[in-house]
Amino acid sequence: MDASPLNLKSHNHARSNSLPSKPHPIILQCNEHLARLGGVSSDATSSSSSSSSFLSYKLSGLQDLHNSVEKLIQLPLTQEALVHERQEKWVEELLDGSLRLLDTCSATKDALLHTKECTRELQSIIRRRRRGGEEELAIEVKKFLTSRKVARKAIFKALENLKGNENKCSFSITNKDYQTVASISLLKEVEVITFSIFESLLNFISGSMQSKRSSWSLVSKIMQSKRVPHAQGVDENEFANVDAALQFFAINLASKSNGIDDLQNKLARLGSCIQKLEEGLESLFRRLIKIRVALLNILNH
């Protein structure tokens with residue numbers, strides 16, 4: 001009499017293991033955001049990715065994605081898995097990843113802030129410029145170019161740090177239930193795509209995302225015409241565009257007066273570009289902090 005219920009229970013248990021449960025709606029929501037952000041890695045060297053509007057769109061998508069991730073972490077099912085397996089390697093890797101995301105986001109914000117301050121100072125010098133003020137302007141242009149070299153050095157260091165993230169993004173998943181596996185896999189994908197977009201941003205801010213030409217080849221192209229042209233590809237990256245214009249300005253003294261208006265326009269576009277990217281990064285940074293705090297609170301209780 002007792003054997004039948006026992007066999008039935010065993011049968012039902014086996015069936016639940018063979019048929020995975022339906023993903024939670026928040027997991028589906030995260031996957032939708034990931035799908036919209038898909039192709040970032042393959043787009044990293046394309047012309048469409050070397051525009052501030054493209055990157056602003058990606059930043060907005062990242063905010064939506066991490067907003068859903070925060071909801072995922074707050075789910076009782078996710079919290080239970082984190083607490084139950086707090087000693088597992090994947091939990092440690094998840095915490096480590098959240099810290100590295102914050103560090104990379106902070107480095108990207110610093111690079112933007114550094115260039116914004118230099119841009120505003122140069123714009124101020126141009127507005128105050130009077131007859132005989134060319135020397136002050138020339139000094140400020142050189143200071144800007146030197147400052148950009150410093151910013152690039154910090155950016156390249158951050159990019160170097162990103163190179164080791166591929167292996168660190170690999171969570172080991174074994175003997176977990178379906179929902180846990182789905183959540184861990186999702187968090188891994190979120191980390192990978194976020195680092196990928198940060199990499200695109202850092203390259204863009206450095207000016208190296210603007211096609212495969214060096215900044216000096218851009219200067220050569222500029223100097224071949226009587227005015228700074230709006231050639232195809234040159235305006236795609238506001239940072240590279242200003243760098244090239246200032247290098248032209250610094251070495252082609254005879255055309256300084258003729259190039260001031262064009263330089264002001266480029267600096268204005270760069271300022272607008274920085275403002276948009278800065279707002280997106282600041283919002284994302286706050287979201288990343290909330291996610292890390294939530295993780296720490298769950299694991300420390």
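This is a predicted model: local features need pLDDT of at least 70, side-chain atom pairs count only at pLDDT 80 or more; totals for chains, interfaces and linings use all residues.
Two or more lining residues are contributed by each of helix 5 (76–84) and helix 9, and helix 9 provides the largest share, five residues. The lining of the second largest cavity comprises nine nonpolar and five polar residues, with no charged residues.

In total, the structure contains three cavities of 30 Å³ or more. The volume of the largest cavity is about 140 Å³. Its lining is also formed by 14 residues, and His66, Leu94, Ser98, Leu101 and Ile291 are the closest to the centre. At least two residues of this lining come from each of helix 4, helix 6, helix 9 and helix 12. Nine nonpolar, three polar and two charged residues make up the lining of the largest cavity.

The largest nonpolar core consists of 69 residues, and Leu65, Leu82, Phe239 and Leu277 touch the most other members. Helix 2 (25–37), helix 4 (52–74), helix 6 (89–128), helix 7 (134–162), helix 9 (178–206), helix 11 (238–251) and helix 12 (256–300) each supply at least two residues of this core. Among the contributors, helix 12 gives the most, with 16 residues. When residues up to four places away in sequence are not counted, Leu277 is in contact with Ser52, Leu55, Ser56, Leu59, Leu112, Leu201, Phe204 and Phe239.

Technical notes:
Residues are numbered from 1 along each chain as its sequence is written. Side-chain values use heavy atoms; hydrogens and water are left out. A nonpolar core is a set of buried Ala, Val, Leu, Ile, Met, Phe, Trp, Tyr and Cys residues joined through side-chain atoms within 4.5 Å. Buried means under 20% relative accessible area, exposed over 50%, partly exposed in between (1.4 Å probe, protein chains only). Helices (H or I, at least four residues) and strands (E, at least two) are DSSP runs, numbered from the N terminus. Contact means heavy atoms within 4.5 Å. On a 1 Å grid over the protein atoms alone, a cavity is a set of points where a 1.4 Å probe fits but cannot get out, and a pocket is an open set with protein on both sides within 12 Å along at least five of seven lines; lining residues have an atom within 4 Å of a point. Grid points are joined across faces, edges and corners, and a volume is the space filled by probe spheres set on the points. Ala, Val, Leu, Ile, Met, Phe, Trp, Tyr, Cys and Pro count as nonpolar, Asp, Glu, Lys and Arg as charged, and the others, Gly among them, as polar.
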